[in-house]
Amino acid sequence: MANPDHLSLLKRSVADWNEWREFNTDIQPDLVNANLRRPRLFEANFYRANLTGVNLSADLSGANLSGANLSGAGLMDANLTGANLTDANLTDANLIDANLTGANLNGANLRGAALYEANLNEANLSRAALHGATLSGATLAGANLSQANLTEANLYEANFSHADLSGANLSGADLSRATLSEANLSGVNLTGAMLEQSNLVRATCNKAIFTGCRIHGISAWDLRLEDAQQTNLIITPSLEPDITVDNLEVAQFIYLLLNNPRIRDVIDTITSKVVLILGRFTPERKVILDAIREKLRTKNYSPVVFDFEKPLTRDLTETIMTLASMAKFVIADITDAKSIPQELMAIVPTLPSVAVQPLLLASQQEYGMFEHFKRFPWVLETVLYQDQDTLLHSLESTVILPAEQKAKELIATQRK
């Protein structure tokens, strides 16, 4: 409970309170769980005060709350315009609809805080801890969030236009439909972030990490991506099979091709480095496919992995045909075959210009119907491998080079 003397003094007037604070700097005010719903606490000095659980839905514009303990505080609809909240503890605080325009939250702890629809335009949130905070619908235009921790934060439909997010950690954050146009995302960690339908037009993303992001419907025109890490970007919606690519701009292009047949004709004018990888996506088999993908990247290919284990909501044949027609060659691991027969039946008979290199764990046998594909000259001999290490060690000589050679032969045959 709040110290009654401290509470009485504050309720008397802000002027008396500030005068007392000025001459009693060694005393830490105790206002725990106090109800301070009053019209104005304008420029009140709450430096290092204990405001745990306090109800402060009031006018706190320009107030000094630096170092204050506001964990669990009720600040819904509060006016904190220009307030000083540096290093304040706001864990689990309720800041729904609060006005924090121009507020200084440098180094503040906002873990788990509720900031729905809050106004944080031009606010300073540098080094702020916002892990698990909810900022859906919040406006942070021009805000400084450099080095802020926004891991697993809910940023759905938040507006970060012109904001500085350089060096921030946004891994696992939900940025669906967020506005990040012209924002500074240099060095940002977006590992596993949800970026579906977000707007990154003209954003600066130099040295940013986009590993494993879901980017369906993203708007990513005129990005600056110098030295950015772009791997395993998922371009399909959550309920469709995962299609992953390694470049934001290529991602938009490939998704456009999948959904607009007329644009697919441009493939003929492109010298493609795409390699389509097919196989089982059970945990033990996916390790092999991921290892092949990493090896291909080191050889300057653009591997595309289509996870067929998930429920399908679009035509499988159309999708697999489009991806295969874009590929320089296809690597198909037929070990423990499940969907592979259907996939190869869509590709092999109808795409004579695409080389297919089958792989098989040496301890297994080819599935019964695979014999059918051996009569097609663009299907290479099955490469048997003992384990992941031996496969990767010989991948270039036994898989990549033969597939490249076959691809060249097929091109030469077409030109005759």
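Two strands pair if DSSP finds at least two bridges between them. Helices (H or I, at least four residues) and strands (E, at least two) are DSSP runs, numbered from the N terminus. This is a predicted model: local features need pLDDT of at least 70, side-chain atom pairs count only at pLDDT 80 or more, and totals for chains, interfaces and linings use all residues. Residues are numbered from 1 along each chain as its sequence is written, and side-chain values use heavy atoms, with hydrogens and water left out.

- An open sheet is built from 7 strands in the order 1-2-4-3-5-6-7, with mixed pairing.
- Strand 1 (233–234) and strand 7 (383–385) are the edges; each has a single partner strand, so one side of each lacks a neighbour in the sheet.
- Strand 6 (residues 355–361) and strand 7 run parallel and are joined by 3 bridges.
- Leu-361 has Tyr-385 of strand 7 as its bridge partner.

**Helices on the sheet**

- Contact means heavy atoms within 4.5 Å. Axes are lines fitted to C-alpha atoms, for helices over the stretch in contact, and angles run from 0 to 180 degrees between N-to-C directions.
- Helix 4 (residues 283–298) lies across strand 2 (243–245), strand 3 (274–278), strand 4 (302–306), strand 5 (329–333), strand 6 and strand 7. Helix 4 runs at about 170° to strand 3.
- Helix 6 (residues 340–347) also packs on the sheet, touching strand 3, strand 5 and strand 6. The direction of helix 6 makes about 145° with that of strand 3.

**Helix 4 in detail**

- Buried means under 20% relative accessible area, exposed over 50%, partly exposed in between (1.4 Å probe, protein chains only).
- Buried residues of helix 4 include Arg-285, Ile-288, Leu-289, Ala-291 and Ile-292. Arg-293, Leu-296 and Arg-297 are buried too.

**Aromatic pairs**

- Rings of Phe, Tyr and Trp (its six-membered ring) pair if their centres lie within 6.5 Å; planes under 30 degrees apart count as stacked, over 60 as edge-to-face and the rest as tilted.
- The whole structure holds 6 aromatic pairs.
- Tyr-301 and Phe-329 have ring centres 5.7 Å apart and planes at 75°, so this pair is edge-to-face.
- Tyr-301 sits in the loop between helix 4 and strand 4, and Phe-329 in strand 5, so the pair ties together parts 28 residues apart in sequence.
- Tyr-301 is buried at 11% relative accessible area, and Phe-329 is buried at 0%.
- Tyr-367 and Phe-370 form an edge-to-face pair, 5.6 Å centre to centre with 70° between the planes.
- Trp-17, Trp-20 and Phe-46 form one aromatic cluster.
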